[in-house]
Amino acid sequence: MKNTEMAQKIKALRNRKGFSQEQLASAAQINLRTVQRIEAGDTEPRGDTLKRISSALDIDPDELIGSAEQEDNGFLAFLNISALCFILFPLLGIIVPLCVWMLRKDKIRNIGKVSKHLINFQMTWSLVFFIYWAIFTSSIMLGFTMPLPKIAGIGLPERIILIFMLLYQINIVIILINGVRSYSGQEVFYKPAIKFLK
């Protein structure tokens, strides 16, 4: 599949600098045939080739990558919904979206921003979950009582289970809301979240 947008951008930047294809190939220290194939849209520069071309054209590689990204709100919604794997095990809510992000990180517009918000939220949620779990298990092993609000007619074990259920419900609702927001092209809202990824 031809990537004409990136090809046109590279050609325009090359012309703006007054480079011929040969001069760009020389400045980037790559093969002339590679430059020709890139500008024809037959191939897309990646890794070291992308860095070399960007350096020769005096631009940031992200500017070229941005031209290759496509709008795909359906995939962004899928990325958000993939965090529901936390239901099986809390850390899957981080691992699965991270894998999904890595698969398409240079292909979809805003995927990095959405992924960081989602993963920061899931890491924060997991941290709260495991801290609460550690306190809960310590209270059983060491025999002290957890300071939980009293609810009429509900004992301590039931209150602990209710708190775990509430944590899960909050996460599910926030994921679903943001899945719908991503699908409709709106910005995601994952709060509260510690900025582990910036």
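Visitor: Are glutamate 39 and arginine 14 buried or exposed?

Guide: Both glutamate 39 and arginine 14 are buried, where buried means under 20% relative accessible area, exposed means over 50%, and partly exposed lies in between, with a 1.4 Å probe and protein chains only. This is a predicted model, in which local features need pLDDT of at least 70 and side-chain atom pairs count only at pLDDT 80 or more, while totals for chains, interfaces and linings use all residues. Residues are numbered from 1 along each chain as its sequence is written, and side-chain values use heavy atoms, with hydrogens and water left out.

Visitor: What is the secondary structure of the protein, and how is it assigned?

Guide: Helices (H or I, at least four residues) and strands (E, at least two) are DSSP runs, numbered from the N terminus. Here the protein comes to nine helices and zero strands, and from the N terminus on its elements run α-α-α-α-α-α-α-α-α. Of its 198 residues, 36% count as buried.

Visitor: How many salt bridges are there, and what counts as one?

Guide: Side chains of opposite charge can pair when their charged atoms come close. The rule asks for a side-chain nitrogen of Lys or Arg within 4 Å of a carboxyl oxygen of Asp or Glu, and by this rule the count comes to five salt bridges. Among them is the pair of glutamate 39 and arginine 14, whose side chains meet at 2.5 Å, N to O. This pair links distant parts of the chain, since glutamate 39 belongs to helix H3 (residues 32-39) and arginine 14 to helix H1 (residues 4-16), 25 residues apart.

Visitor: Which residue does lysine 17 meet in a salt bridge?

Guide: The side chain of lysine 17 meets that of aspartate 58, at 2.6 Å, N to O. This pair, too, links distant parts of the chain, with lysine 17 in the loop between H1 and helix H2 (21-28) and aspartate 58 in the loop between helix H4 (47-56) and helix H5 (61-68), 41 residues apart. Lysine 17 counts as partly exposed because its relative accessibility is 35%, whereas aspartate 58, at 59%, counts as exposed. Aspartate 58 also has a positive phi of about 55 degrees although it is not a glycine.

Visitor: Where is the salt-bridge partner of glutamate 187?

Guide: The side chains of glutamate 187 and lysine 113 meet in a salt bridge of 3.5 Å, N to O. The partner, lysine 113, is in helix H8 (residues 111-142), while glutamate 187 is in the segment after helix H9 (156-183), 74 residues apart from it. Lysine 113 is partly exposed, with a relative accessible area of 42%.

Visitor: How do H6 and H7 pack, and at what angle?

Guide: Axes are lines fitted to C-alpha atoms, for helices over the stretch in contact, and angles run from 0 to 180 degrees between N-to-C directions. H6 and H7 pack at an angle of about 155 degrees, with their axes 8 Å apart. That makes H6 roughly antiparallel to H7, because angles over 145 degrees count as roughly antiparallel, under 35 as roughly parallel, 65 to 115 as roughly perpendicular and the rest as oblique. Phenylalanine 75 is in helix H6 and is buried, with a relative accessible area of 14%; its C-alpha atom is separated by 9.9 Å from that of tryptophan 101, 26 residues apart along the chain.

Visitor: What lies in the loop between H6 and H7?

Guide: Leucine 84 lies in this loop and counts as partly exposed, at 21% relative accessibility. Leucine 84 and isoleucine 94 are ten residues apart in sequence and 9.7 Å apart in space, C-alpha to C-alpha. Phenylalanine 89 also has its place in the loop between helix H6 (73-82) and helix H7 (92-104), and it is partly exposed, with a relative accessible area of 42%.
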